[in-house]
Amino acid sequence: MSSVLDVRDLRAGYGRVPILDGISFSMGESEFLGILGHNGMGKTTLMKALMGRIPSTSGSVKFLGAEVTHKKTHDRSRAGMGLVPQGREIFPALTVLENLRMGTAALPKEDHGIIDKALSDFPRLKRLLDRPGGALSGGEQQLLALARCLCTQPKLVLLDEPTEGIQPSIIDEIIDTLLAKKAAGELSIVIVEQNLEFLTSLSDRILRIQKGRIVGVVDPHDLDQHELLGA
């Protein structure tokens, strides 16, 4: 299996405050990799560092074999990395359709088929195309954030706390859609999530993070939720 993402001894933080303390892992094509840890352990910082939203202070990040450690966020996006951040970060004053068009803005030319494909992945959005993003429910906003990310045609998606504050029916929709993409070999995904059922439903492996370090790797099919929580 060829490597999609190869992270070696990654260190990053905020100003003089170190958060990531030598993170190392690799993941292959079409792999769904879970990241599990308590609040404040460095999960979101890891996602931001992988996407270039905060600079790394040392270490290496390779994407599809190419060094991206010091690349800007937009360069990583053009290379095929996508982030659905915690909090979603949709454009509340823009309509759903306009938000989706923002996802295609960096592509060489507008392709309406890309947006149509995103809407077929998340059909709940079809009836909401003219509605401002800020008027959507939390779950609908999460679907929009995911769909907008997919409009960038990523090869790797970084998914940060996607189930936070959304209803179970939409969580099920997200699981079904992502599993279909996994079966089709369309995506690799890194998932940061505290909803253990969601995480174990999607992940091939789960990395445990503690105080900015990877402290273990678990097979989600071999462990129940009590073991994961106590890990």
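1. Helix axes are lines fitted to C-alpha atoms over the stretch in contact, and the angles between them run from 0 to 180 degrees between N-to-C directions. In this predicted model, helix α3 (residues 96-103) packs on helix α5 (residues 138-150) at an angle of about 35°, and the two axes are 7 Å apart. The crossing of α3 over α5 is right-handed.

2. The contact between these helices is formed by V96, N99, L100 and G103 on the α3 side, and by L144, A147 and R148 on the α5 side. By class, the contact residues comprise 4 nonpolar, 2 polar and 1 charged.

3. The open sheet contains 4 strands, ordered β2-β1-β4-β5, with antiparallel pairing. Because β2 and β5 (66-67) each have a single partner strand, they stand at the edges, and one side of each lacks a neighbour in the sheet.

4. Strand β1 (residues 3-14) is paired with strand β2 (residues 17-28) through 9 bridges in the antiparallel sense.

5. At β5, the pairing with strand β4 (residues 56-63) is antiparallel and consists of 2 bridges. F63 has A66 in β5 as its bridge partner.

6. Helix α1 (residues 43-51) lies across β1, β2 and β4, and its direction is at about 115° to that of β1.

7. Where does L10 lie, and is L10 buried or exposed? L10 belongs to strand β1. Its relative accessible area is 0%, and because buried means under 20%, L10 counts as buried. Leaving aside residues up to four places away in sequence, L10 touches L20, D21, G22, I23, L46, A49, L50, S56, S58, G59 and V61. By contrast, F122 lies 112 residues from L10 in sequence and 34 Å from L10 in space, C-alpha to C-alpha.

8. Helix α6 (residues 168-183) comprises 16 residues and spans 22 Å from its first C-alpha to its last, close to the 22 Å expected at 1.5 Å a residue. Its buried residues are I170, I171, I174, I175, T177, L178 and K181. An α-helix has 3.6 residues a turn, so residues three or four places apart point the same way. Just after α6, G185 has a positive phi of about 70°.

Notes. Residues are numbered from 1 along each chain as its sequence is written. This is a predicted model: local features need pLDDT of at least 70, side-chain atom pairs count only at pLDDT 80 or more; totals for chains, interfaces and linings use all residues. Side-chain values use heavy atoms; hydrogens and water are left out. The expected span of a helix is 1.5 Å times one less than its number of residues. Buried means under 20% relative accessible area, exposed over 50%, partly exposed in between (1.4 Å probe, protein chains only). Two strands pair if DSSP finds at least two bridges between them. A crossing is left-handed if the near helix is turned anticlockwise from the far one by less than a right angle, and right-handed if clockwise. Contact means heavy atoms within 4.5 Å. Ala, Val, Leu, Ile, Met, Phe, Trp, Tyr, Cys and Pro count as nonpolar, Asp, Glu, Lys and Arg as charged, and the others, Gly among them, as polar.
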